[in-house]
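Thanks for coming. I will go through one structure today, starting with a charged pair and ending with the backbone.

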Amino acid sequence: MAKKLKGIFITLEGSEGCGKSTQAKLLCSYLKKRKKKVLHLREPGGIKISERIRSILLDVKNKSMTKECEVLLYMAARAQLVDEIVLPALQKGMVVVCDRFLDSTLAYQGYGCGVDIGFINIIGKFATRELKPHLTFLLDMPTHKGLSRILQTKDRIEQRSLKYHNKVRRGYLAIAKKNPGRVKVIKANQSREKIEDCIRGYVEKLFKI
Ligand SMILES: Nc1ncnc2c1ncn2[C@@H]1O[C@H](COP(=O)(O)OP(=O)(O)OP(=O)(O)O)[C@@H](O)[C@H]1O
Ligand SMILES: [Mg+2]
């Protein structure tokens, strides 16, 4: 990357309904109270072009979408997000908290759909400009329990089989094993407060506050 980044990039990962969005919100409020300049984003989406790609990706009507198309659309949404908003915010020294990032594509399309992991990593480098999170929280819990927390109509990915979602979960755990410094696995089947405390502990260590 050309310019030195002053900011901090934190991502939340995990399978459906594990509490990513809940914890991202709690973390952002906490950081704001700590007078940090915070940008809260979600993937796929976060900005206009990427949100439009999101609606194609999650639309249950797109039953015939191939896994190749799916990977490239996720990467396209990510490339736009990184360039348009994440990198400028990090260059300004902000804390960027993102609900999902490249690990999601590795887990869902790589481990889940069987797309070559090496290929995802190569195209991932292109889409992210080699940006890596400083910290990633993997909220892990039995897949069926997470899925049962989702009350609204399930989107195209959520509708996939339990077998698929279990592959995604195992994929995430494999990613965590490969990246122990960056990826912190947190039991998601405990209270919001306990998870929040655990996340704060790691973030405080990172900021040395
Ligand atoms: N620790 C928790 N214990 C019990 N319920 C929780 C907990 N954390 C979140 N929830 C509830 O579970 C549901 C899913 O949480 P949330 O939307 O944060 O998960 P998510 O990982 O973002 O899901 P998705 O994968 O669908 O985006 C919400 O109704 C939320 O209020
Ligand atoms: Mg969410």
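Asp59 is partly exposed, at 24% relative accessibility. Please keep in mind that this is a predicted model. The partner of Asp59 is Lys61, and their side chains meet in a salt bridge with 3.8 Å from N to O. Lys61 counts as exposed, because its relative accessibility is 68%.

In general, side chains of opposite charge can pair when their charged atoms come close. How many salt bridges does a search of the whole structure find? The search finds 12. I will show two more of them.

Glu70 forms a salt bridge with Arg156, and the closest N and O atoms are 3.0 Å apart. Glu70 sits in helix H3, residues 67–91, while Arg156 is in the loop between helix H6 (143–148) and helix H7 (162–178), so this pair ties together parts that are 86 residues apart in sequence. Are Glu70 and Arg156 buried or exposed? Both are buried.

Next comes a pair within a helix. Glu196 and Arg200 meet through their side chains in a salt bridge of 2.9 Å, N to O. They are 4 residues apart in helix H8, residues 192–207, which means that about one helical turn separates them. Glu196 is buried, with a relative accessible area of 15%. Arg200 counts as partly exposed, at 24% relative accessibility.

Which residues of H8 are buried? They are Ile195, Glu196, Ile199, Val203 and Phe207. Looking down the axis of H8, you see these buried residues fall within an arc of 105°, so they line one face of the helix. On the face turned away from that buried side, H8 carries the exposed residues Glu193, Lys194, Asp197 and Lys205.

What covers the buried residues of H8? The cover includes strand S1 (8–13), helix H1 (20–33), strand S3 (95–99), strand S4 (135–140) and strand S5 (183–187). After H8 comes Lys208, which has a positive phi, near 55°.

Now the whole chain. The protein chain has 8 helices and 5 strands. In sequence order they follow the pattern β-α-β-α-α-β-α-α-β-α-α-β-α. The radius of gyration of the chain is 16 Å, close to the 17 Å that the globule rule gives for 209 residues, so the chain is as compact as a globular protein of that length. Along its principal axes, the C-alpha trace spans about 45 × 40 × 30 Å. Of the 209 residues in the chain, 49% are buried. Among contacts with a separation of 6 or more, 79% are between residues 24 or more positions apart.

On to the cysteines. A disulfide is a covalent bond between the sulfur atoms of two cysteines. How many disulfides does the structure hold? It holds 0. Take Cys18: the closest cysteine sulfur is in Cys198, and the distance of 14 Å is too far for a bond. Cys18 counts as buried, because its relative accessibility is 2%. For Cys69, the closest cysteine sulfur is in Cys113, and 12 Å is again too far for a bond. Cys69 is partly exposed, with a relative accessible area of 32%.

Last, the backbone. Most residues other than glycine have a negative phi, and most peptide bonds are trans. Where is there a cis peptide bond? One joins Glu43 and Pro44, with omega about -15°. Pro44 is in the loop between strand S2 (38–42) and helix H2 (48–58).

Lys35 has a positive phi, near 65°, and lies in the loop between H1 and S2. Lys35 counts as exposed, at 75% relative accessibility. Arg100 also has a positive phi, near 80°. This residue, Arg100, lies in the loop between S3 and helix H4 (102–112). Is Arg100 buried or exposed? Arg100 counts as buried, because its relative accessibility is 12%.

That is the end of my part.

Methods:
Residues numbered from 1 in each chain as written. Chains lettered and ligands numbered in written order. Predicted model: local features only at pLDDT ≥ 70, side-chain atom pairs only at ≥ 80, totals over all residues. Heavy atoms only, no water. Disulfide = S-S within 2.5 Å. Buried < 20%, exposed > 50% of the residue type's maximum accessible area, 1.4 Å probe, protein only. Salt bridge = Lys/Arg side-chain N within 4 Å of Asp/Glu carboxyl O. Helix = DSSP H or I, 4+ residues; strand = E, 2+ residues; numbered from the N terminus. Arc of directions from axis to C-beta. Contact = heavy atoms within 4.5 Å. Rg over C-alpha atoms; globule rule 2.2 N^0.38 Å.
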